[in-house]
Amino acid sequence: MQQLILNPRAERRLKLGHLWIYSNEVDTKQTPLKGLEPGSQCEILDSKGKSLGHALVNPNQLICGRLVSRKGPFTTTQLKKRLENAVALRSRYFDHPSYRMVYGDSDGLPGLVVDRFGDYLVVQVSSWGMERLLPDIVDALVGLVKPKGILLRNDHQGRKVEELPEVCEVAHGEVPKMVPFEENGVPLLAPVYDGQKTGWFYDHRDNRARLNQWVKGLRVLDLFSYAGGWGVQALANGAKEVTCVDVSAQALDWCEENAALNQRKDDLVTIQGKAIDAMKELISAGERYDAIVLDPPAFIKRRKDQKSGEAAYRHINELGLRLLEKNGLLVSASCSMHLESDTLLEILRGAGRHLDKSISIIGSGGQGADHPVHPSIPETRYLKAHFVHLAAGNGL
């Protein structure tokens with residue numbers, strides 16, 4: 001097995017528990033990265049020759065290695081054990097088998113995501129290391145949870161970065177176009193072939209559950225709605241009416257399917273278009289809502305997007321506050337890893353002051369237990385949501 005020697009002091013982060021190795025941390029004079037096969041396994045040594053463990057490597061990436069074992073080479077036995085541990089964690093905290101079953105680095109399987117929809121699994125691989133282990137992963141999943149079908153949704157942007165081929169195919173059994181599952185006790189359908197990512201976003205499960213307890217009899221606006229994760233659950237929990245807004249007509253069709261599944265299609269309004277344009281038109285029309293959900297895609301995908309991204313978050317939150325009824329509730333969410341929760345709070349504070357509106361934060365949340373945070377890898381904590389109450393009067 002080939003070895004990679006790190007530069008002096010480059011091992012400090014790994015010794016603190018992090019798993020990533022950057023290409024500029026490798027002593028390429030002694031151990032060149034060039035020529036290493038993507039997805040191969042290497043032993044990692046510190047500058048004094050002490051072994052730090054074994055990593056799956058891709059010499060063509062800035063993050064050129066991800067540690068997978070600190071005690072000898074990574075084996076298929078370890079792979080199966082980590083999948084077992086991942087399922088055990090979710091089974092401990094979820095009554096229904098609908099959850100993110102594997103969450104990459106947090107489960108010791110970097111570059112692997114598995115979402116479970118009852119009897120069906122959707123697998124996404126975003127690293128060469130996991131790609132080479134994919135046959136073993138599929139075999140292990142079949143033996144572990146005995147699914148009716150496994151879909152490989154390996155046609156996402158992350159594979160382009162690793163220069164992996166894009167493919168969407170069934171690896172085991174059969175998988176329907178829309179798979180049934182459950183979230184917060186609400187029956188739903190996920191478009192696993194044609195939807196975003198794996199077909200669903202389980203990460204906001206706990207935040208949706210919090211909103212669900214406060215929506216009975218209310219008029220709700222769900223922006224960036226996708227397939228209705230927030231809006232349809234609000235209907236199922238007694239909301240009077242929900243308006244879903246999304247740029248995708250297909251996403252709104254999925255909203256309607258999910259609303260029909262819960263016998264509330266007649267109480268669903270859909271608006272196709274960009275969220276900001278729709279918000280401005282609703283403001284001009286004098287519309288107001290009792291509860292509004294702002295769950296946009298990541299506006300800050302890279303550090304260089306920080307300034308423009310923060311401005312975008314402030315803009316949509318100001319529009320949201322303008323659309324909110326007095327004594328209304330705004331859910332302000334962000335999946336941007338580079339946006340700190342406190343920064344989003346500051347954006348909300350600034351939006352309230354700019355509009356001379358008195359707001360209170362009545363709750364905050366993050367990702368659910370099926371997206372566990374690795375305590376040494378801050379990058380695994382990305383989701384945040386603040387629940388904002390708008391007072392009846394203006395600010396002081």
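Does Glu-318 count as buried or exposed, and at what relative accessibility? At 13% relative accessibility, Glu-318 counts as buried, since the cut-off for buried is under 20%. The model is a predicted one. The protein chain holds 11 helices and 19 strands. Its radius of gyration is 23 Å, close to the 21 Å that the globule rule gives for 396 residues, so the chain is as compact as a globular protein of that length.

**Overall form**

- Taken along the principal axes, the C-alpha atoms of the protein chain fill a box of roughly 65 × 50 × 35 Å.
- Of the 396 residues in the protein chain, 54% are buried.
- Contacts between residues at least 6 apart in sequence were examined for their span, and 61% of them join residues at least 24 apart.

**Surface and charge**

- The protein chain has an accessible surface of about 17800 Å².
- Carbon and sulfur atoms account for 48% of that surface.

**Aromatic pairs**

- The count of aromatic pairs comes to nine.
- In the pair of Phe-181 and Tyr-202, the ring centres are 5.7 Å apart and the planes stand at 90°, so the pair is edge-to-face.
- Phe-181 counts as buried at 5% relative accessibility, and Tyr-202 counts as buried at 1%.
- Both residues belong to one aromatic cluster, formed by Phe-117, Phe-181, Trp-200 and Tyr-202.

**Glu-318 in helix 10**

- The buried Glu-318 is found in helix 10, which spans residues 306–323.
- Glu-318 and Gly-350 are 32 residues apart in sequence, and their C-alpha atoms are 9.0 Å apart in space.
- With neighbours within four places in sequence left aside, Glu-318 is in contact with Ala-351, His-354 and Leu-355.

**Thr-243 in strand 14**

- Thr-243 has its place in strand 14 (residues 241–246).
- The relative accessible area of Thr-243 is 2%, so this residue is buried.
- Leaving aside neighbours within four places in sequence, the contacts of Thr-243 are Val-220, Leu-221, Asp-222, Val-269, Ile-271 and Tyr-289.

**Positive phi in loops**

- Arg-9 is not a glycine, yet its phi is positive, at about 70°.
- Arg-9 lies in the loop between strand 1 (3–5) and helix 1 (12–15).
- With 56% relative accessibility, Arg-9 counts as exposed, as the cut-off for exposed is over 50%.
- Lys-146 likewise has a positive phi, of about 50°, although it is not a glycine.
- The loop that holds Lys-146 runs between helix 4 (134–145) and strand 9 (149–154).
- Lys-146 is exposed, with a relative accessible area of 63%.

Note on methods
Residues numbered from 1 in each chain as written. Predicted model: local features only at pLDDT ≥ 70, side-chain atom pairs only at ≥ 80, totals over all residues. Heavy atoms only, no water. Helix = DSSP H or I, 4+ residues; strand = E, 2+ residues; numbered from the N terminus. Rg over C-alpha atoms; globule rule 2.2 N^0.38 Å. Buried < 20%, exposed > 50% of the residue type's maximum accessible area, 1.4 Å probe, protein only. Contact = heavy atoms within 4.5 Å. Areas by Shrake-Rupley, 256 points an atom, 1.4 Å probe, with all protein chains shown as cover. Phe/Tyr/Trp six-rings, centres within 6.5 Å; stacked < 30°, edge-to-face > 60°.
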